[in-house]
Amino acid sequence: MWLPLVLLLLLPAVLPAQCCEPPGGSVGAVRVLSARLLGLAGDPARDPDPAVYLALRLARDHDPRLEQRYLERLQDAFQQPYGRSLQAHGHSRWDAEHSTSAASWPHTGRLALYLLGLRATCPPLSPQRSLVTWLKYYLEEDWTGSRRHGHPLTSYYQYGLGVLALCVHHKRVREEVIRRLLTAQHHGRLGHSGNAVDTEAVVALAFTCLEQRRLVGTGLAAELRAAAHRASRSMAEAQGPDGIIGNIYSTPWALQVFLATGACQTEPAFDRAMAALLENLEAFGTAATMAQVLPVLHGRSYLDIASMHCQEESDTLTPMDIEPPTEVPGSKTVQLVVECPLPWCYELRLYDRPVPVPAAASLLDVLWAAAALEPHDFKFHTQDTPQGPFLTQVLGLEARQEKRNYWQLLTAPNTPLQMGIADYRPQDGETLILRLSEW
C-alpha cells in the first residue's frame, strides 16, 4: 500500500494542469484558434515572438516542421544580442543605474520568454550559459537601476517572468530576489486593474514553481505557497458577473494560476472564467493575444514547460491563413474625453471634442485622428507590451508606477473597456473617456 501513497505525494507538483480540461464541446474552436496562430507564425514578415512559440508548444496539436522553423527564426533573432558573454559586451554591472535612457533598460521579460521557449523544445535545448547569466544580470540591473523608486526599472511583470524562467530551467534564485516579489505582493504594489491580474499571476506562477521544484528552503517554500494561495483567492474574488477576471486579456493569466496550483479542480471561478473566454474568442485576433489565451484553452500553464514530454506529439495541425479585415465603408464620429481628477489636476475635464474617423477605426485610430486634428493641443504616447500598445501619456500627463496611477479606458458614462486601445472599435456616436486613475 505504500507505493501508491508515495506516488500521490509526488504527483501534485506536475499534474494539476492536466486535471482541468476545457469543456469537450470547445475542442473544435480551440483547434481553429491554434491553426490561425500557426498561420500567423508562418508569415516571414512578422518578427518572431517567444510567447507565440510557447503557445504552439503547449498546444495539443502540432506541426513539428513549422514549429522548428519558427524556433530557428527565434534563435537567429536572439543570437546577436545574447550570443556573447557579458564581459565580451563590455557591460558594467551598474550601467543601468546611471542611465535613464529606455534603450538601456533591461530586456528582462523578452529574454525570460525566450528561455522558456528553449525549455519547451523537444528534446529540450540546454540554453547557453551566457543566456542564464544575462537574465540574472538583468534581474539585478532591473532592481539596482531603480532604487530611487522602489520597484523594477521595467515592471514587476517582467521581473516575475525572469524569476519564473530561471525556475523552469531549475536554476536557483537568490532569496533577496524572491523576497522583493513577496514584499511587493504583500504591500499591493503589483499594478492596477487588469494589469494587476497579469502581474500578480506571473508572480504567483514564479512562487509556485520555486516551491514545487524545491529550489528554496522549507520556511520560504511555505511563504511562497501561502502567497500563491492569496493570489489565487484574490483573483477569484475579483471575478465579475460575466466570468471575466480583470479584463478579457488578463483572464488567461488568472486561469494559469488556477491550473498551476491545482485550484482549478475546486475553484468555481475557474469554470466561469473558462466559459467567458470561450464566449469571447473573437477578442483574441492578434498573434500576441492568441498566444496569451491558447495555453489555458489546452489546459496548460507555463509551469507545464518544466515537465514536458514530447515523444508522442501529433503532426496533425495545418496552418490557417487569416483573411485581412474587410474594409467597412463610411465614417463615424467618436466623442473623445480626457479627465484628470484631483490630486493631479485642478480641472477635471481637460479635453472634450468630437473626432471623425473611418467606420472601422479602433480607439488607437481615434487618438491618432485627434492628434492630426490638433497637433499642438492633443498629444499622447504609448508603450509596446505583449498585449499590444499601452497608453502611458495623454496631454503631457504621464501615468507612472511610482505615482500609482494609470490611464483608465471607459465608455460613457462609466463602463471600463475590456480591450486595449488597438483592439477596441467604438460605435458611431459613442463617448470614450481617458481617465487618469489611481490603483
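Student: How many salt bridges does the structure hold?
Tutor: The predicted model holds 15 salt bridges.

Student: Take Asp-61. Which side chain does it meet in a salt bridge?
Tutor: Arg-31, with N to O at 3.0 Å. The pair links distant parts of the chain, 30 residues apart. Asp-61 lies in the loop between helix H3 (50–57) and helix H4 (64–82). Arg-31 belongs to helix H2 (residues 27–41).

Student: Is Asp-61 buried or exposed?
Tutor: Buried, because its relative accessibility is 19% and the cut-off is under 20%. Arg-31 counts as partly exposed, at 32%.

Student: Switching to helix H9. What does Arg-180 pair with?
Tutor: Glu-176, in a salt bridge of 3.0 Å, N to O. Both sit in helix H9 (residues 175–186), four residues apart, so about one helical turn separates them.

Student: And burial there? What is the relative accessible area of Arg-180?
Tutor: Arg-180 has 9%, so it is buried. Glu-176 is partly exposed, at 43%.

Student: What about Arg-179? Where is its partner, Glu-223?
Tutor: Glu-223 is in helix H11 (residues 218–237), 44 residues from Arg-179 in helix H9. Their side chains meet in a salt bridge at 2.9 Å, N to O.

Student: How accessible are Arg-179 and Glu-223?
Tutor: Arg-179 is partly exposed, at 30% relative accessibility. Glu-223 also counts as partly exposed, at 35%.

Note on methods: Residues numbered from 1 in each chain as written. Predicted model: local features only at pLDDT ≥ 70, side-chain atom pairs only at ≥ 80, totals over all residues. Heavy atoms only, no water. Salt bridge = Lys/Arg side-chain N within 4 Å of Asp/Glu carboxyl O. Helix = DSSP H or I, 4+ residues; strand = E, 2+ residues; numbered from the N terminus. Buried < 20%, exposed > 50% of the residue type's maximum accessible area, 1.4 Å probe, protein only.
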